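Please look through the structure below before reading the points.

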Amino acid sequence: QSTWGNQIGSRFKMSGSTQESDRLRFQMELEFVQCLANPAYLNWLAQNRYFEDPKFLDYLKYLEYFRKPEYAKFIIYPNCLYILELLQHASVRNNLSKSSFTDYIHRLQFHQWAQFDARPPAEEEQPAES
């Protein structure tokens, strides 16, 4: 666990059982990871120099556990996992302070959403039962 994550968790009273504390911490981390899907939030983090804080970068590495299937199933905005992966690269973090870059990410996300087809593929004809 990262020091930065411990600092965030300690800001909230986590009284009660360890199981309850773990559940609350998981919910906070899940919410934070999903916020990474918001390009405007990424721009804010960059402009406020969070990406220059080694503890924050360690926290982002720690959050990579959400990429495992047993945790990824809780993700509502799956593109946040791709963003989390991209944030491991300094070149991406450096560009996030530029609105033009975050606008570009937003356009890519919109294009992906607009092209997404949630309908299941057409079922192939089933062979006749004999």
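1. Helix α3 is followed by R49, which has a positive phi, near 60°. Helices here are DSSP runs of H or I with at least four residues, numbered from the N terminus. This is a predicted model, in which local features need pLDDT of at least 70 and side-chain atom pairs pLDDT 80 or more, while totals for chains, interfaces and linings use all residues. Residues are numbered from 1 along each chain as its sequence is written, and side-chain values use heavy atoms, without hydrogens and water.

2. At the start of α3, a side-chain oxygen of N38 comes to within 2.9 Å of the backbone nitrogen of A40.

3. In α3 (residues 39-47), the buried residues are P39, L42, N43, L45 and A46. They lie on the same side of α3 because they cover an arc of only 160° around the axis. Buried means under 20% relative accessible area, exposed over 50%, and partly exposed in between (1.4 Å probe, protein chains only). The arc is taken from the directions from the helix axis to the C-beta atoms.

4. The structure holds three salt bridges, each a side-chain nitrogen of Lys or Arg within 4 Å of a carboxyl oxygen of Asp or Glu. One joins E52 and R49 (3.6 Å, N to O); both residues are exposed.

5. R67 forms a salt bridge with E85, with the closest N and O atoms 2.9 Å apart. This pair links distant parts of the chain, 18 residues apart: R67 is in the loop between α4 (54-62) and α5 (69-72), and E85 is in helix α6.

6. R25 and E29 also meet in a salt bridge (2.9 Å, N to O). R25 is buried at 13% relative accessible area, and E29 is buried at 3%.

Conventions. Helix = DSSP H or I, 4+ residues; strand = E, 2+ residues; numbered from the N terminus. Polar contact = N/O pair within 3.5 Å; in protein donor to acceptor, adjacent residues only side chain to side chain.
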